[in-house]
Amino acid sequence: MIWAIAGLLAIFSFIPVYSASSNVAYLYGDGSTFQYLVSHFIHLFLGFAIIYAVHKIPYHYFRGLSILMIPIVILLLLYTLAQGTTIDGANASRWIKIPIINKTFQTSTLASVVLMIYVARYLSKIHSKKVTFKETILPLWLPVGVILALILPANFSTTAIIFAMVLMLVFLGGYPLKYLGIIIASGALFLLLFGLTAKAFPGVFPNRVDTWISRVENFANNEDTEADYQIERAKIAIARGGVVGTGIGKSVQRNFLPQSSSDFIFAIIVEEMGLVGGISVMLAYLFILFRLIIVSTKANTVFGKLLVIGVGLPIIFQALINMAVAVELFPVTGQTLPLISSGGSSIWMTCLALGIVQSVSAKREEIKQQEEIETEEESENPLDVLSEAL
């Protein structure tokens, strides 16, 4: 079922991406949107190859891989802060260029998946034990804190999402609530100190810090800014869509809405396909959530249960935030719509997470089939077996 709904979302994504990429095509290309369609196809093709390859790996292997990947991810994030580049005119140190293929990659997306696997591994390890807060600082919260601190200066929204998902995972994993209160208070205090420091010493941190601080402030104060321009255009697009939309390829706001093929693609979907298209997309993600819960509850190990929730839930959370931004329930975050928005990093890491979920599901089916075979063998009549052998 997850294969099916992911495939349908991927096929559907070609329509809004092809339509909405005209803005970027005229600003940064020769005006042709065909190359963006081809690029999107390549990203999706590689993404589904990742799902297939990862789902063949027994999921318990990810326990050890997460330990090995944590230091690699930290080094990548450090390199990103030092050598970050721009993409489609966005001035933010979120991406690094892969030398051989000359493509950009957002390291925070990989860090998110690796960190959730690592947290699931640790929680499964202490599941049946009573631990003190002091015992969990070094093995659990130190890696979490270091990774979040490295992502925060360039990408506040991703940091907030990862932190929220980690808190939800440790809560579901049975981590004591009184310790969670300490972590939440510590995180809020660190964020406050970081914001005050960035305001006091503007030259110390990248320009991106001022961007996300101003977005939060302006969202609360209702001031007219560039972010408000994006939101207003998105709401105009949604209002024009009505119930059934203006028709595929007939969006007007795609020519005025920045990042219309990525961050605000949901507004273009509603403009062209109306309320029917918007609700259909939302229901697709909720159906994935439903299947994630089923796979998690039927997993045979604690690690399998936590792993499915840890890597799968952020996909749904990110999708809902993207939709909420389009209707001004959240400030502008820069989060894409998984499997629909253009962009290689988001698609590949979403597919990596879905592949891990499928790995847990495949292992459960394998165990189920083995149990059925053993049951059939035990129920066979010994005389029948002897006669067949003769």
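**Helix burial and aromatic packing**

Helix α5 is mostly covered, with 18 of its 19 residues buried (under 20% relative accessible area; exposed is over 50% and partly exposed lies in between, with a 1.4 Å probe and protein chains only). The model is predicted: local features need pLDDT of at least 70, side-chain atom pairs count only at pLDDT 80 or more, and totals for chains, interfaces and linings use all residues. Residues are numbered from 1 along each chain as its sequence is written, and side-chain values use heavy atoms, with hydrogens and water left out.

Helices are DSSP runs of H or I, at least four residues, numbered from the N terminus. Helix α5 covers residues 107-125. The expected span of a helix is 1.5 Å times one less than its number of residues. For the 19 residues of α5 this gives 27 Å, and the end C-alpha atoms are 27 Å apart, which agrees.

Val360 belongs to helix α13 (residues 344-379). Val360 is buried, at a relative accessible area of 2%. Contacts (heavy atoms within 4.5 Å) were counted leaving aside neighbours within four places in sequence. On this basis Val360 touches Tyr59, Val295, Ala299, Gly304, Leu307 and Val308.

The whole structure holds 9 aromatic pairs. Rings of Phe, Tyr and Trp (its six-membered ring) pair if their centres lie within 6.5 Å; planes under 30 degrees apart count as stacked, over 60 as edge-to-face and the rest as tilted. Phe133 and Tyr179 form a tilted pair, because their ring planes meet at 45 degrees, with centres 5.7 Å apart. Phe133 lies in helix α6 (residues 133-151) and Tyr179 in helix α8 (residues 177-200), so the pair ties together parts 46 residues apart in sequence. Tyr179 is buried, with a relative accessible area of 12%.

Phe190 and Phe194 are stacked, because their planes lie at 25 degrees, with ring centres 6.4 Å apart. Both residues sit in helix α8, 4 residues apart, about one turn. An α-helix has 3.6 residues a turn, so residues three or four places apart point the same way. Phe190 is partly exposed, at 44% relative accessible area. Phe194 is buried, at 9%.

Two arginines sit over rings (CZ of Arg, or NZ of Lys, within 6 Å of the ring centre and within 35 degrees of the ring normal). The charged end of Arg63 lies 4.9 Å from the ring centre of Phe303. Arg233 lies over the face of Phe256, at 4.8 Å from the ring centre.

Conventions. Helix = DSSP H or I, 4+ residues; strand = E, 2+ residues; numbered from the N terminus.
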